[in-house]
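Work through the exercises below with the sequence and the coordinates at hand. Each task is followed by a stepwise solution.

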Amino acid sequence: MNILILGDVVGPSGVKAVKERLPKIIEEKKVDFVIVNGENAADSGRGITKKIFEDFLKAGADVITTGNHVWDHKDAEAIASKDIKFLRPSNLPKDSPGKGEGVYKKKGKNFIVLNLMGNVFMKKCDDVFTEAKKFIEKFELGNAKANFIIVDMHGEITSEKMAMGHLFDGKATMVVGTHTHVPTSDYRIMEKGTAYQTDIGMCGDYNSVIGMNKENSVKKFLKEKDFEKNFPSEGAGTLSGLIIECDQNTGLAKKVNRLILGGSLTQ
């Protein structure tokens, strides 16, 4: 089984790249299951709309994960309440709409996706490691109820993500970090067989400041008076993510390959 996860989709450039390139990637790489982090996909670069959510599903995504910007667009609460293919961080307050984990049946296998959000330098949420331990006690990788387990750890700091990777090593198919919009080069299979990458980067225009217009971002840091509210850069988008080949018996990773496709990052 091959699983693909794409990092934070940022604005129109990222959305266009996913819609245009994902179907071909699924076909060429023989991808069986696709996760897309869509929390920055709206035109403003914050949140996600119902149309974009539906467009990602049409392009081949099986699940959309999110993060700290999950509620930044008014559509999100309604999507979360009605569609299990939309996940918000599991450790958000318990009265939050929707769910943070989902079980998805495809090709005769159960794919379980867990969406977490870090506690350090992020919006207030419940303890992420306590939430992770509860999940581990609930699901055992490799049995009929949990053939594959994918964890999207949406967080700011590398140490928190790395610790989460080690906590899940041998207990999940893959643990990947999202949120910083910059892909790290530490993708690997850990000692007990779990694929890991500290951050899988973003899908968007890398000729930018983490997906936002670079000129305007520089003005912000210079504290210039004509600085505007951040808005996405709309150059050619790069797809950034991770493809995992998995053992169908154990659910663990066999091969891990980074995906960097299109736009300025590959030049």
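**Exercise 1.** Are F111 and F148 buried or exposed?

*Solution.* The model is predicted, so local features need pLDDT of at least 70 and side-chain atom pairs count only at pLDDT 80 or more, while totals for chains, interfaces and linings use all residues. Residues are numbered from 1 along each chain as its sequence is written, and side-chain values use heavy atoms, with hydrogens and water left out. With buried meaning under 20% relative accessible area, exposed over 50% and partly exposed in between (1.4 Å probe, protein chains only), F111 is buried and F148 is buried as well.

**Exercise 2.** Classify the ring pair of F111 and F148.

*Solution.* Rings of Phe, Tyr and Trp (its six-membered ring) pair if their centres lie within 6.5 Å, and planes under 30 degrees apart count as stacked, over 60 as edge-to-face and the rest as tilted. The centres of F111 and F148 are 5.1 Å apart with planes at 25°, so this pair is stacked. Ring pairs join F33, Y104, F111 and F148 into a cluster.

**Exercise 3.** How are helix 4 and helix 5 oriented to each other?

*Solution.* Helices (H or I, at least four residues) are DSSP runs numbered from the N terminus. Axes are lines fitted to C-alpha atoms over the stretch in contact, with angles from 0 to 180 degrees between N-to-C directions; those of helix 4 (residues 128-138) and helix 5 (residues 158-168) come within 11 Å and cross at roughly 15°. Helix 4 and helix 5 are therefore roughly parallel, a class that takes angles under 35 degrees.

Methods:
Helices (H or I, at least four residues) and strands (E, at least two) are DSSP runs, numbered from the N terminus. Angles under 35 degrees count as roughly parallel, over 145 as roughly antiparallel, 65 to 115 as roughly perpendicular and the rest as oblique.
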